[in-house]
Amino acid sequence: MNKIYEPFLKSADFYDLFYKNKNYKKETDYVLKKLSNKINLLDVGCGTGKHSFLFSKYKINVTGIEFSKKMINRKLENKYLKFLNDDFLKFKPKQKFHNIVALFHVVNYMNSEYKIRKFFSQASNILENNGRLIFDSWNVIDSKNQNQPTEKHIKTKNYDIFRFSKTRSYNDYIEVIFDFLVINHDAKKYHSFTEKHKMRPYSKNFFLSLAKENDLKLIENKEFLTEKKITTTTKSSIYVFEKKYSS
Ligand SMILES: C[S@@+](CC[C@H](N)C(=O)[O-])C[C@H]1O[C@@H](n2cnc3c(N)ncnc32)[C@H](O)[C@@H]1O
């Protein structure tokens, strides 16, 4: 594989610790109701594979695709679940999928016009007719207002891990800067590192134009999980598109 941008290269080992309170079960069950059917599913940017694993518990054949090798947790693989260490934008599958999901702002990591265009065309090409593309996206207005620094502290038996984050807004993307401090009490050592995530918010109208070019029809767009109408304070919204082959 060519050298690619891996946003979680340095912090992958701590990813599950930082998101241990994220309700993956609730999110999976919420998205489950929106699937086209329960035959198969591709989980794009599956990360450590938590949604993938929970979908596989419903006997759906799940393929989790993730370009960061360090993120993939092979221990979760089972009869219904396999992981691929690949870039979705270059992926050439042998089969088509009934469902493609990309959860937890994966689309916002498609941080250039080239990447988001490729994401839509790739998804459309590998979806079965009437298949669904489902993702959540960081809201444009909210992301521009998110300049407040945040701090998170995780404590385990041997470690104290601190993560400070701040955002910088540029013309067409947001840079999220994470400063980590990792204290290993057993080894009496500490180290620090910085990770910069370049994320791009997208408007509904832009998604609609890409969908039109790719035979995808928007069937749902609401606030993620709550199903509320989108407002200027909505942090994250869900998009459900359906593939309609043009005859
Ligand atoms: C915020 S994480 C979300 C991980 C997981 N979906 C979750 O809910 O915990 C975004 C993930 O998307 C992955 N990713 C971004 N672009 C990708 C691409 N083109 N192909 C495969 N994985 C990608 C990143 O490596 C990262 O692990």
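Analyst: Strands of a sheet pair through backbone hydrogen bonds, either parallel or antiparallel. Here an open sheet of 7 strands has the order β3-β2-β1-β4-β5-β11-β10, and its pairing is mixed; strands are DSSP runs (E, at least two residues) and helices likewise (H or I, at least four), numbered from the N terminus, and two strands pair if DSSP finds at least two bridges between them. At the edges stand β3 and β10 (216-223), each with a single partner strand, so one side of each is left without a neighbour in the sheet. From one strand to the next the twist averages 15 degrees, where axes are lines fitted to C-alpha atoms, for helices over the stretch in contact, and angles run from 0 to 180 degrees between N-to-C directions.

Before we go on, please note that this is a predicted model, in which local features need pLDDT of at least 70 and side-chain atom pairs count only at pLDDT 80 or more, while totals for chains, interfaces and linings use all residues. Residues are numbered from 1 along each chain as its sequence is written.

User: In which sense do β4 and β5 pair, and over how many bridges?

Analyst: β4 and β5 (residues 127-138) pair in the parallel sense, over 5 bridges, and within this pairing I100 stands opposite L133 of β5. Helix α4 (residues 113-125) lies across β4, β5, β10 and β11 (236-243), and runs at about 150 degrees to β5.

User: What is the strand order of the open sheet of 4 strands?

Analyst: That sheet has the order β6-β7-β8-β9, with antiparallel pairing. Its edges are β6 (150-155) and β9 (189-199), each of which has a single partner strand, so one side of each is left without a neighbour in the sheet. Neighbouring strands in this sheet are turned against each other by 15 degrees on average, direction ignored.

User: Which residues have the most contacts inside the largest nonpolar core?

Analyst: A nonpolar core is a set of buried Ala, Val, Leu, Ile, Met, Phe, Trp, Tyr and Cys residues joined through C-beta atoms within 7 Å. The largest has 44 residues, and V101 and F135 have the most contacts inside it. Leaving out residues up to four places away in sequence, V101 touches V31, L41, D43, V44, I134 and F135, contact meaning that C-beta atoms, placed from the backbone, lie within 7 Å.

User: Is D86 buried, exposed or partly exposed, and where does it lie?

Analyst: A residue is buried if 20 or more other C-beta atoms lie within 10 Å of its own, exposed if 12 or fewer, and partly exposed in between, with C-beta atoms placed from the backbone. D86 has 16 such atoms within 10 Å, so D86 is partly exposed, and D86 lies in the loop between β3 (81-85) and β4 (97-102). Apart from neighbours within four places in sequence, D86 is in contact with I65, F67 and F91.

How values were computed:
Contact = placed C-beta atoms within 7 Å.
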